[in-house]
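Biologist: I would like to learn how to read a structural model feature by feature. Could you take me through one slowly?

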Amino acid sequence: MSEQCAVKKVTEITTEEVERIKEWINTEEYKEKNMAREGLVINPAHACQPLGAQLVAHGFEGTLPFVHGSQGCASYYRSAFNRHFREPAPAVSDAMTEDGAVFGGQNNLFEGLENAYTLYHPKMIAVFTSCMPEVIGDDLTAFIQNARNEGHIPADFPVPYANTPSFNGTHIHGYDPMLKSILNTLGGDKKVEGKDNGSLNLIPGFDACTGNYREYKRYMKAFDIPCTLMADISDSFDSPLTGTYNPYPGGTPLEDAADALNAHATIALQQYSTKETMKWFSANTDAPVETLPMPIGVKKTDELLMKISELFDKPVPQELIDERGRAVDAMTDAHQYLHNKKFAIYGDPDWLLGVVSFLLEMGARPYHILCSRSNKKFKKTMQELLDTSPYGADCNIWINKDLWHLRSLCATDPVDALIGDAHGKFITRDLGIPLIRAGFPIMDRVNLHRYPTIGYQGAINLLTWIANTFLDQVDVTCEDRNFEMMR
Ligand code: SF4
């Protein structure tokens with residue numbers, strides 16, 4: 001570009017000033033100012049409510065997720081799943097624009113439902129909202145009933161729906177009402193007094209690791225107990241490449257979901273993302289309804305297997321006992337690489353409780369624990385977990401803080417590694433702290449969602465990634481005289 005056409009900068013920032021600020025944002029002084037920040041969020045460790053609702057919808061047989069609201073929002077959820085799973089995420093939107101915002105989105109919903117039903121032949125359409133219809137107060141109950149009355153969809157076609165206002169909560173708060181609505185729509189009136197279909201309803205909660213769903217199914221097969229795994233996305237987002245496109249691979253069979261209230265027992269594996277759904281179960285069935293922690297690490301996996309064993313009066317299968325032994329052996333082999341190492345961890349509350357439990361088992365220190373939307377109850381529960389181990393002493397729990405806060409914390413009070421989703425890579429780049437990728441979303445590495453992080457195999461995977469990250473670091477940074485074949 002010639003001198004004449006160069007854009008004249010309004011404010012000239014010198015190289016020296018840039019360098020000064022770069023250093024200043026790593027200081028205690030900046031941290032104090034940053035930690036006092038409340039009105040602005042920078043790089044939050046969560047997504048918005050409808051994304052959680054959409055994940056649930058993908059997990060049911062023949063189900064088309066339907067966004068009542070803005071096209072751009074719908075593109076965001078789809079692209080987040082595309083990038084994380086590297087798979088299509090077929091979903092539709094009724095594309096509300098300015099006139100919808102002024103007059104309400106009923107006409108958009110009518111047209112959208114009719115087109116979606118006619119063109120894409122789903123067995124169920126799961127409707128949820130973006131911010132815009134929530135702000136103007138669209139009445140989904142009335143709109144969907146009107147759509148039936150006016151013949152846009154058949155009277156008996158299942159259209160569960162959830163209000164998912166994103167200015168409140170996160171993706172886990174959208175997951176819960178969508179799951180409850182699907183189960184209520186399919187089977188809310190199908191409870192038969194005295195019936196026990198002998199199966200277990202297993203509810204993983206918000207989990208974007210397809211390997212975890214396969215692991216749950218493998219456990220239940222080993223127990224030889226029939227299981228309805230709710231919102232099962234293992235095939236939806238990890239289907240075989242055959243050359244023929246199927247928009248609805250896998251998912252929880254609708255018939256099984258419809259019989260959920262007649263199950264022998266129900267277990268949820270996350271408490272924060274399944275609260276309303278579990279209340280619904282408790283109110284509608286006399287069968288046992290249990291909420292357990294996410295089974296990350298040996299202790300939490302033991303709790304799940306013991307509970308299944310107790311509820312179904314069956315011993316834990318020998319193959320799972322052997323697998324536990326192999327996990328303990330792998331942990332013993334690798335413990336010296338994790339012992340007393342400090343970690344910063346960020347993500348969803350249930351996932352954090354699982355990873356912290358696993359780190360404490362390994363003698364590691366979960367030093368900064370950050371949940372970008374949570375409450376005092378979570379903080380108390382996390383503190384109780386930390387108090388169970390000497391490695392939990394002096395660790396810090398940060399709620400309602402974002403990853404720019406975490407950057408300040410890591411700059412002034414460093415850790416050995418970060419554990420969390422891909423958004424933490426900015427901290428890695430700035431501060432040189434390695435990131436072990438786990439959680440959602442992971443858009444810059446391949447195939448990690450295929451590796452389980454729950455159960456005994458999950459514990460082996462996690463500790464392998466963590467220990468090898470430290471060993472890679474030693475090989476790259478050690479002096480020549482310490483460069484060894486063996487570590
Ligand atoms: S926060 Fe609201 S506006 Fe933003 S993507 Fe989510 S639903 Fe759309």
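Predicted model: local features only at pLDDT ≥ 70, side-chain atom pairs only at ≥ 80, totals over all residues.

Biologist: Is Ala53 buried or exposed?

Modeller: A residue is buried if 20 or more other C-beta atoms, placed from the backbone, lie within 10 Å of its own, exposed if 12 or fewer, and partly exposed in between. Ala53 lies in helix H3 (residues 49-58), where helices (H or I, at least four residues) and strands (E, at least two) are DSSP runs numbered from the N terminus. Ala53 counts as buried because it has 32 C-beta neighbours inside 10 Å. Two residues are in contact if their C-beta atoms, placed from the backbone, lie within 7 Å, and, leaving aside neighbours within four places in sequence, the contacts of Ala53 are Phe128, Ala162, Thr164, Gly174, Tyr175 and Met178.

Biologist: Which residues have the most contacts inside the largest nonpolar core?

Modeller: In soluble globular proteins, nonpolar side chains tend to be buried together. A nonpolar core is a set of buried Ala, Val, Leu, Ile, Met, Phe, Trp, Tyr and Cys residues joined through C-beta atoms within 7 Å. Here the largest one has 127 residues, and Met178 and Val356 have the most contacts inside it. Helix H15 (residues 349-361) gives the largest share of this core, eight residues. Apart from neighbours within four places in sequence, Val356 is in contact with Ile345, Pro366, Ile369, Met382 and Leu385.

Biologist: Why do the buried residues of H12 line one face of the helix?

Modeller: In helix H12 (residues 275-284), the buried residues are Thr277, Met278, Trp280 and Phe281. Seen down the axis of H12, they fall within an arc of 150° (taken from the directions from the helix axis to the C-beta atoms), so they line one face. Those residues pack against helix H9 (171-187) and strands S5 (200-203), S7 (265-268) and S8 (289-291). Helix H17 (residues 403-412) is largely enclosed by the rest of the structure, because seven of its 10 residues are buried. What covers the buried residues of H17 includes helix H2 (28-35) and strand S9 (342-346).

Biologist: Which residues surround the ligand?

Modeller: A residue is near a molecule if its C-beta atom, placed from the backbone, lies within 6 Å of it. The residues around the ligand are Cys48, Pro50, Ser70, Cys73, Tyr76, Ser130, Cys131 and Ser166. With Ala, Val, Leu, Ile, Met, Phe, Trp, Tyr, Cys and Pro counted as nonpolar, Asp, Glu, Lys and Arg as charged, and the others, Gly among them, as polar, this shell divides into five nonpolar, three polar and no charged residues.

Biologist: What should I look for in the backbone?

Modeller: Most residues other than glycine have a negative phi, and most peptide bonds are trans. Asn43, in the loop between H2 and H3, has a positive phi near 55°. Asn340 has a phi near 65° and counts as exposed, because it has 11 C-beta neighbours inside 10 Å. A cis peptide bond, with omega about 0°, joins Phe440 and Pro441, and Pro441 is placed in the loop between strand S13 (435-437) and helix H19 (455-477).

Conventions:
Residues numbered from 1 in each chain as written.
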